[in-house]
Amino acid sequence: MPSSRRPAGRRAIALGALAVVGVVLSACAPGAAAPDTSADAVDVSTELTSDEVTLTIADETGFPVTDKLTEEFTKQHPNVTFNITRDTFQNLTANAPKLLASSTPPDLIRLPTLGETVKDGLVLDLDPYFDAYGWDAWPASQLAPLRMSEDGVRGSGALYQLGLGYSITGIYMNTALADQLGIDGPPATMAELEEDLATAKAGGVQPIMAGDKDGVVNFVTQAAMNQYADKDEFMAWMFNEPGATYNTEGNTEGAELIRRWADEGYFPSDINALDYFTFVSQFSDGGALFTFNGNWEAANYQAALGDDVTFFLVPPIEEGGDHVAMGAANSFSVAAKSQHKNEIVYFLNWIHTDPVARQIIVDVTGASPGGDPSLALPEVESGSLIEKALEMSAQIGEENGQVDFMANTTAGIYAGSIIPESQLLVTSQITGAEFTERVQKFYESEVGG
Amino acid sequence: MTSRPAIGPDVLTPGDTPASAVAGSRTPRRATAIAVARRATLVGWALLVPALLAYVGFVIWPLIQGVQYSFYDWNGVGVATWVGFDNYLRVFTDPDLLGAIRNAFLLIAFFTVIPVSVGLVLATLIRSMKAGAFASISQTILFLPQIIPLAAAGIAWSWMYAQTGAVNQILSGVGLGWITRSWLADYTTALPAVGLIGSWVLTGLCTVLLLTGIGKIDVSLYEAIRLDGAGWWREFFTITLPGLRQEIAVLVTLTVIAALSSFDIIYTSTQGGPGRATLVPGLSIFRIGFTQSDVGLASAFGIVLMVLILIVVLPIQRLSRTESR
Amino acid sequence: MIANRTEVILGRTLLILALILTVIPLVSMLSAALAPADRNPTGIEWPSDPQWVNFVTAFETGNVLRLMGSSTLIVLGVVPISLLIATLAGYALGGLRVKGGRGILIFFVLGLTIPFESLIIPLYYQSQAMGTLNTQWAVIFPLIGLFMPFSVFWMRAHFINVPPELGEAARVDGASTWQEFRRIQLPLAMPALSALAILLFIWTWNQFILPVVLIADPLNRTVAGALTFFQGQYSLSIPLLNAGALIIITPAIVLFLIFQRQFIKALLQGAVKG
């Protein structure tokens, strides 16, 4: 057998294969343009079908409100049943675009950030339903963050999300510990708050309970920034408006404040090992004077601390000034490819209008049920934290002080930048200026690139 | 009965076994051999096809596609734009990504050096005991960490490393209370702490594999050197270690791959934190590809990771190969 | 081996230390699982009132039965097929010693160095194109492919050590290749096959990254892949989380304990060859 021919032949085959692969690789780009969904628009109907229907919802773990709402809905409309799948916040955020793009998307999905789902045509435009159901009676400012324009800027454009409750954040204070330390009430200004922190530290009480293993210290970080930054500028950045920057004077001042607090030892020393549930349970066990959190934990804190806890808005810089607080819709979107658009939007509308649904939202999450402000507010126990939460919501609405969570600015900025950088900030590893610079850099690479 | 070949009479070449010469074939052994060999090759290749199909279809083809994606800027759903080697450039210039690669190499100390060394010691110890219940129970117990999912190891150890967890409890118990801390939250101890989880998982595997290797070393060598008056030190370095060269090479390969491609443990324990102290390429690829939807960059990083593994592993294989027959 | 007394004592102590260190995390999981479900336990302590009921709670609310079912489905899809085609390939390479076998072997072995992370992204889009995304098949097919390098190598290593005379003798007696395979090779291969089966079972049962990426509903993943789902559901309760995790890892441990003798014996048969 002529062995000299074999290596040459083999080489030729290898080269040929490589050439073919090369041509294939460069010729066929992966991916496809966004599908044109205008062609398969369904007739918008505000009537609920009488057919047997099963609606699928992809939701977060640890938020039972969807279970209660769907239970109640099925009770009222037995022909509609629900199938709810749950996954962790991280997994859900990571998988959401793919879930929506698959051939069997969930009808409704918890979506903290729209990201590129609008550009890729994955979520349903709800404006036709806005007109049909008459949602213009609802506060426009509540729905504004749920809108996105064609160039990916939030705040205006078509409506793509609705909230299962609209949250408010603030500070919980352990009043029993406060009494012990001689503090007689919630601080009225940021300066007073700092004084209280120092008092607690001197008195051997953990001033602030916070955790940053999964990023929740950013309730505190952003709360500080909110007071110094220009609200509109901040929101412009969160909405990805072109030219907006995170690296503003106000934000940097806020971050520097947090760094000071870290240096003073106001945060737990093992803050980066505490995840959300640990930091909640530690405050519930009476482990600190203050904790920054939202209305969704009001029921839990109340159950754990009884009368020894109160809830209030983050104080302004100046006495008597307007308040600024983070709040957002517990936002959900409808899949553009959903087979049951009318039914699932009916469910969303029902959540905002049905008295039992609204009561469930308030009872289970303490959030404001949103919707038409002229509708009766659900009952709350007088003097309870939930009552306070609703009051705070109303006050922020009046003072127009609501801002979104900076963590939702882009799909990747929380896990990719804000969490790691804040971990460094609250353990005094970087300065406030470095924090805002780095987050801005990441933002630019994600949005600009 | 087989047919006669066209060429030549019956020939018995030397080396024929009588059985094959007698068993019904009067054909020249060579022709039969060729025919049998050809059929064996055909049959053999047919047998290889299913495994090759599975491997090529679900490993090689995706790998090629990954290479393709790495040259584009793509978010996974929309249109993809060609960017050439941009993504690879980013991998080598982005400090965060380089940091992840650095962390992966640092983990080699914990995933490879510790398990193999401790494994050597434990294997020698077990071998020196009489083969009995204790020896076999030891092997079983030591191997247990390989049986539980890495994710479960991450969860169990995260809790042990907490401020109020078992590790601090034990340290305080033996009088080392002054060094207790939240191990996974401290910038300097987070990566070693995570590394030790890997050591825990891999030491048993190394021990058991090395044990099987020691079993193959000729016992008389040991007896001879003992008669010479050598202590266990010399015995270890002149007999045990050289005899285990193959096994050590395999273990080093496996554990280095585990270190460089670690994901499960970090995902369930630190998520890459604090800061980026425990960020590893595996987690970074997952995050970039799925949370940030930058498929091109993630694919490029994935290819770079594979090349790094090859660069480290191939020399090891080469070194071990020069010794074998 | 001859050894003196101090060495023996020192050796035994070290060994026992190693054993304790190995077992501590499992003990800590157990102690956490038995603590009252609504508090966060601290450290290892045998609880005064062991809450065995935590296991029941975790089992029910964690949908453990469904998780196990899903995992079993994936195992049944992956292990038998992998064993079959790897044995065929291993026999071709090690028993029949086909021409070009060495090149094929190297081709397979190189696959061992490919980390799963490099493949998850293309595998995602591939399973989407195949329509298997979010079903168990999305994990089954890639796993079979991913297990081929090791499995083929393992079975080849076995077959190459089988003396060719055995095969030849059968062949000479008039047996066809197939009959020889069935009557002689297969029984001989049993130890290697069963060890491989156990390894593949464990690796499939413990698969994490593939199910997390390819199957959206945690209840359709492997038990390991659903552990993060557990973390999310049970973060408020460390005891329940640990109880659930223990339930999940038990089947693999039980299987291993039952078959550990075969397993170690097969390892001894020199799967570790150049």
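Which residues of chain C does UniProt list for "transmembrane region"? The unreviewed entry gives residues 12-35, 73-93, 105-125, 137-155, 192-216 and 236-259 of chain C. The structure examined here is a predicted model. In this model, two of the listed segments were examined for secondary structure. Residues 12-35 of chain C are 92% helix and 0% strand, with 34 Å between the end C-alpha atoms. Residues 137-155 of chain C are 100% helix and 0% strand, and their end C-alpha atoms are 25 Å apart.

In chain C, helix H6 comprises residues 137-160 and helix H8 comprises residues 177-205. The axes of H6(C) and H8(C) come within 11 Å and cross at roughly 155°. Angles over 145 degrees count as roughly antiparallel, and H6(C) and H8(C) are therefore roughly antiparallel to each other. Their crossing is right-handed. On the H6(C) side, the contact is made by Leu143(C), Phe147(C), Ser151(C), Trp154(C), Met155(C) and His158(C). These residues meet Ala189(C), Ala192(C), Leu196(C), Leu200(C) and Thr204(C) of H8(C). By class, the contact of H6(C) with H8(C) contains eight nonpolar and three polar residues, and no charged residues.

Chain C also contacts chain B. This contact involves 86 residues from chain B and 74 residues from chain C. On the side of chain B that touches chain C, the most residues come from helix H2 (residues 29-70) of chain B, which gives 19. The residues on this side of chain B divide into 56 nonpolar, 26 polar and four charged.

In the contact between them, 23 residues of domain 1 of chain A meet 25 residues of domain 2 of chain A. Helix H3 (89-101) and helix H15 (385-399) of chain A each supply at least two residues of the side of domain 1 that touches domain 2. H15(A) gives the most to this side, with five residues. By class, the side of domain 1 of chain A that touches domain 2 of chain A has ten nonpolar, eleven polar and two charged residues.

How values were computed:
Residues numbered from 1 in each chain as written. Chains lettered and ligands numbered in written order. Predicted model: local features only at pLDDT ≥ 70, side-chain atom pairs only at ≥ 80, totals over all residues. UniProt positions renumbered as here; feature names shortened; annotations may be inferred. Helix = DSSP H or I, 4+ residues; strand = E, 2+ residues; numbered from the N terminus. Axes fitted to C-alpha atoms, helices over the stretch in contact; angles between N-to-C directions. Parallel < 35°, antiparallel > 145°, perpendicular 65-115°, else oblique. Left-handed = near helix turned anticlockwise from the far one by under 90°. Contact = placed C-beta atoms within 7 Å. Nonpolar A, V, L, I, M, F, W, Y, C, P; charged D, E, K, R; others polar.
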